[in-house]
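Please keep the sequence and the structure in view while reading.

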Amino acid sequence: MSPRLEVDLTRFRANIDTIRARVAPAELMLVVKDDAYGHGIPALVPSAVAAGVRWIGAFDVETAAAVRAAAEDADLRIFVWMLPTAADVSRAIALDLDLGIGDRALLEDVAQVARVAGVPVRVHLKIDTGLHRNGFRPEEWDAALHRARELEQDGILAVTGVWSHISEASDADDDEARVAYEDALARARAAGLRPAWRHLAASSASSARPDFRYDLVRVGAFAYGVAPAGGPTAEILGVQPIGRLVARVVRTTATRVIVDAGSLHGLPSALAGRARVGGSTGTHRLVSVGLFTSEIEAADLSVGDEVTVYGDGRDGSLGATGLAEQIGTIGEEIVTRLSPRVPRVYLP
Ligand SMILES: *Cc1c(COP(=O)(O)O)cnc(C)c1O
């Protein structure tokens, strides 16, 4: 007994089309960390490639390897920015990845492996524009640029990108970050570097703020139809949720029914008493969340009937973002914590 996640690949491709059209001439880098936000890399990557995606943001090397395997022969650029060990660096270079680099020790590690590999490794230097989640600090930037330029002239590295990550929590903070980013770009130019790929924005800024798009935007949430909590809905954003978590009624009592989805499948227990699910006969209050099952208030559902725990809202269910808002978190948290053991069923 387990719920299933239905993933609508037609909608996924439509979301990608919408985002690509919106951000053009900038390119879309589809971010697929956490197994494509819980939807499944093996099915989603080929679908994204078919929709024209040429850049994938993979977070770490393990994810990148899964992307390479799923993409088969597609000529994909895969960007990773989490390289904690020397083994990660070697594997990343063997996989021909684009490497995000935000500290000097990593730059030297990469240079060392690249020197042996004999082909210039593509690196994207990260400037810290205020989030303090790694990245070269502004006072370290010129020295990093100088060293990277030296390694580029020696044929060891190719500085392909300059990037940063911003909070997208307030326009004022993002504006400040963009000023810092512009300064970093100007200094890179002055150091003789000509990065072809400048990237700063994730879902929200890439959608709402044209000035933040540069050459490439790194989009995860919106591609899966996950809207920001407290912000515009997916509908307003022109995308649709691609995942629908479906549970089945396994037992009934006089006023409640038991469905086969619980906290071990990834449903936050905090949703009890706060959320509602959708069904063919309307919406139902979620009363409690157990380990394997949950109780909902419903007198008119029978064993075998299905309810939507989260979906596109058309059957009265809340979306992942709607559920998240009930418990003070974000939609990504709901979709990425879905257990890998919950079967993913793909609708072509
Ligand atoms: C997760 C992530 C993204 C994508 O963010 P969304 O808001 O889901 O689009 C982009 N860049 C980096 C560095 C990330 O970690």
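How much space lies in the largest cavity? The largest cavity holds about 40 Å³ of space. The model under discussion is a predicted one, and every value below was computed from it.

The lining of the largest cavity includes the residues from K126 to N134, namely K126, I127, D128, T129, G130, L131, H132, R133 and N134, together with S164 and H165. Sorted by class, this lining has six polar, three charged and two nonpolar residues.

The second largest cavity has a volume of about 30 Å³. Its lining consists of I19, R22, V23, S203, S206, S207, V219 and F222. Two helices, α1 (9–23) and α9 (203–208), each supply at least two residues of this lining. Here the classes are four nonpolar, three polar and one charged.

About 840 Å³ of space lies in the largest pocket. This pocket is lined by 32 residues, and the closest to its centre are K33, Y37, R133, H165 and E332. Elements that give two or more residues to its lining are α2, β4 (77–82), α9, β9 and α12 (331–336). By class, its lining divides into 17 nonpolar, eight charged and seven polar residues.

The second largest pocket has a volume of about 500 Å³. Of the 27 residues that line the second largest pocket, T233, A234, E235, P241 and D312 lie nearest its centre. Both α10 (234–237) and α11 (320–326) supply at least two residues of the lining. The element that gives the most is α11, with four residues. The lining of the second largest pocket divides into twelve nonpolar, eleven polar and four charged residues.

**The ligand and its surroundings**

Which space does the ligand take? The ligand takes the space of the largest pocket. The residues around the ligand are V31, K33, Y37, W81, W163, H165, A202, S203, R218, V219, G220 and A221. Among the secondary structure elements, α2 (33–37) and β9 (216–219) each supply at least two residues of this shell. The shell has seven nonpolar, three polar and two charged residues.

| Residue | Part with the N or O atom | Distance to a ligand oxygen atom |
|---|---|---|
| K33 | side chain | 2.6 Å |
| S203 | side chain | 2.5 Å |
| A221 | backbone | 2.8 Å |

On its own, the ligand has 390 Å² of accessible area, and the protein covers 89% of this area.

**Two details of the backbone**

Most residues other than glycine have a negative phi, and most peptide bonds are trans. Two places in the model depart from these patterns. The peptide bond from A24 to P25 is cis, with omega near 10 degrees. P25 lies in the loop between α1 and β2 (27–31).

What is the phi of F59? Phi of F59 is near 70 degrees, a positive value in a residue other than glycine. F59 has its place in strand β3, which covers residues 55–60.

**Summary**

The backbone has a cis peptide bond from A24 to P25 and a positive phi at F59.

Definitions and conventions:
Residues numbered from 1 in each chain as written. Predicted model: local features only at pLDDT ≥ 70, side-chain atom pairs only at ≥ 80, totals over all residues. Heavy atoms only, no water. Near = heavy atom within 4 Å. Polar contact = N/O pair within 3.5 Å; in protein donor to acceptor, adjacent residues only side chain to side chain. Areas by Shrake-Rupley, 256 points an atom, 1.4 Å probe, with all protein chains shown as cover. 1 Å grid on protein atoms, 1.4 Å probe; cavity = no way out; pocket = protein on both sides within 12 Å on 5 of 7 lines; lining within 4 Å. Sits in = over half its atoms within 2 Å of the grid points. Nonpolar A, V, L, I, M, F, W, Y, C, P; charged D, E, K, R; others polar. Points joined across faces, edges and corners; volume = space filled by probe spheres on them.
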